[in-house]
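Please study the sequence and the three-dimensional structure shown below. The paragraphs that follow lead through selected parts in turn.

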Amino acid sequence: MVGGGIGAFIGEVHRKAAALDGQIELVCGAFDIVPEKSKEAGKGLFLPDNRVYGTYDEMFAKEKALPEEERMNFVSIVTPNHVHFPVAKAALENGFHVVCEKPMTINTQEAKDLVSLVEMTGLQFALTHTYTGYPMVKQARHMATGGEFGKIRKIIVSYPQGWLSTRLETDNQQASWRTDPKKAGPAGALGDIGSHAENLAEYITGLRITEVCADLSSLVEGRALDDDANVLLRFDNGARGILHASQICAGEENALRIFVYGEKGGIEWHQHEPNTLLVKHLDRPVEIYRTGVDHGSYLCDTAMHNTRVPSGHPEGYVEAFANIYRNFAHALGSRLQGEEPNPENLDYPTVQDGLRGMSFIETVIASSKSDRKWTRFE
Ligand code: NAD
């Protein structure tokens with residue numbers, strides 16, 4: 001692991017998610033920008049001293065020198081955005097597979113470079129767009145892409161949070177780098193959570209956004225990056241959409257929600273109620289689908305593959321994360337044994353999704369600045 005030191009947020013979630021299914025063991029790390037703090041974090045995780053490194057460069061060099069059966073197989077990158085690219089690049093160049101946080105880089109050029117490196121090395125790369133890991137999101141994708149609702153015509157995806165309603169960045173670690181263009185990249189709320197919304201809309205529908213018309217704002221005085229993003233979308237099949245991502249919706253938690261409408265019906269899913277999927281029809285009442293290993297009679301195979309417990313026992317954020325890790329681990333395990341992975345295990349966001357996310361961010365920024373407004377998303 002690189003990042004995820006003491007007081008960090010998402011590294012701890014990754015460690016829990018990776019450990020959940022017994023397929024992945026944390027063997028080493030460079031956990032903090034401050035080498036001494038990395039050592040302290042590694043001690044707290046009961047790692048042997050010689051596998052806790054001061055920097056990621058040292059980690060890659062020393063791990064590479066270990067016998068193959070001892071060295072790490074892959075690295076999880078859980079640092080602020082500007083550190084994703086250098087670590088991912090170094091990992092791939094040294095022959096290590098990668099799990100990386102989003103947004104993948106801080107510009108499209110870096111993202112393209114990673115795509116080339118993954119293609120050149122043949123190494124495995126997963127991007128943790130967490131929300132695609134939920135079983136009910138898999139079910140929604142199965143129904144929306146399977147033609148159940150006819151042609152998809154309308155998508156509304158919104159991700160409102162309220163935690164940056166004040167200038168929290170003056171004394172909060174997570175807020176401080178997220179509002180600093182040198183560390184977060186060119187986008188604030190748009191990159192932090194809008195990229196999840198973009199990825200979710202395309203994952204569920206299988207459609208591709210082709211044009212955007214955007215309005216980005218920094219509504220908290222003195223903030224350098226956007227904290228409110230409103231984007232109209234056009235999709236490659238002619239569908240229309242609305243994407244809203246904001247961190248100044250006072251009182252909201254992580255209220256990600258998506259509505260998809262086709263000619264004959266659609267779906268509604270809320271992260272606050274992730275085990276429920278509402279399925280709507282033109283000609284009959286709404287249906288309530290629920291997660292559970294005992295619901296195989298009506299849930300699709302992919303939803304079942306990503307479900308762990310019987311209905312009524314809640315599965316949540318950590319399990320959604322763990323689904324990305326479990327699929328990644330099984331796919332990597334097959335490859336390491338020279339076998340083709342089961343297609344179900346290849347169902348995790350990739351380096352291509354990362355590139356798409358970065359060009360979405362840059363296109364939305366260009367549209368917001370432009371007077372012409374409608375801007376093509378290549
Ligand atoms: P954080 O500030 O809480 O933690 C970052 C950690 O990285 C710290 O421990 C810091 O010391 C370490 N770090 C920084 N530079 C380093 C370096 N050169 N070498 C080693 N360690 C280094 O940040 P966070 O909130 O955990 O976010 C981290 C990443 O995760 C961001 O890219 C963010 O966008 C992403 N994230 C994703 C999700 C999700 O749902 N997928 C949720 C939250 C955060």
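Is C100 buried or exposed? In this predicted model, C100 has a relative accessible area of 0% and is therefore buried. The cysteines raise a further matter, that of disulfides. A disulfide is a covalent bond between the sulfur atoms of two cysteines. To count as one here, the two sulfur atoms must lie within 2.5 Å of each other. For C100, the closest cysteine sulfur belongs to C28 and is 16 Å away, which is too far for a bond. C213 is likewise in no disulfide, since the nearest cysteine sulfur, that of C249, is 19 Å away. C213 also counts as buried, because its relative accessibility is 15% and the cut-off for that term is under 20%. By the distance rule, the model has a count of 0 disulfides.

Attention may now turn to helix 9, which comprises residues 189-205. How far apart are the end C-alpha atoms of helix 9? They are 23 Å apart, and this agrees with the 24 Å that its 17 residues should span at 1.5 Å a residue. Just after helix 9 comes G206, whose phi is positive, at about 70 degrees.

The next topic is a pair of helices. Helix 5 is formed by residues 108-121 and helix 12 by residues 351-369; their axes lie 9 Å apart, and the two pack at an angle of about 165 degrees. Angles over 145 degrees count as roughly antiparallel, and helix 5 and helix 12 are therefore roughly antiparallel to each other. The crossing in which helix 5 passes helix 12 is left-handed. Helix 12 has 19 residues, which should span 27 Å at 1.5 Å a residue, and the distance of 27 Å between its end C-alpha atoms agrees with this. Of these 19 residues, 14 are buried, and helix 12 is thus mostly covered.

From helix 12 the reader may follow the chain to K373, which is in the loop between helix 12 and strand 13. K373 is not a glycine, yet its phi is positive, at about 75 degrees. With a relative accessible area of 25%, K373 is partly exposed. In the segment after strand 13, which covers residues 375-376, is F377. F377 counts as buried because its relative accessibility is 3%. Between F377 and L26 there are 351 residues of separation in sequence, and their C-alpha atoms are 39 Å apart in space.

Two further loops complete this account. Where is F46 placed? F46 is in the loop between helix 2 (residues 35-44) and helix 3 (residues 56-64). Phi of F46 is positive, near 60 degrees, in a residue other than glycine. At 76% relative accessibility, F46 counts as exposed, because the cut-off for that term is over 50%. The other loop, between strand 3 (residues 97-100) and helix 5, contains P103. The peptide bond that joins K102 and P103 is cis, with omega about -20 degrees.

Definitions and conventions
Residues are numbered from 1 along each chain as its sequence is written. This is a predicted model: local features need pLDDT of at least 70, side-chain atom pairs count only at pLDDT 80 or more; totals for chains, interfaces and linings use all residues. Side-chain values use heavy atoms; hydrogens and water are left out. Buried means under 20% relative accessible area, exposed over 50%, partly exposed in between (1.4 Å probe, protein chains only). Helices (H or I, at least four residues) and strands (E, at least two) are DSSP runs, numbered from the N terminus. The expected span of a helix is 1.5 Å times one less than its number of residues. Axes are lines fitted to C-alpha atoms, for helices over the stretch in contact, and angles run from 0 to 180 degrees between N-to-C directions. Angles under 35 degrees count as roughly parallel, over 145 as roughly antiparallel, 65 to 115 as roughly perpendicular and the rest as oblique. A crossing is left-handed if the near helix is turned anticlockwise from the far one by less than a right angle, and right-handed if clockwise.
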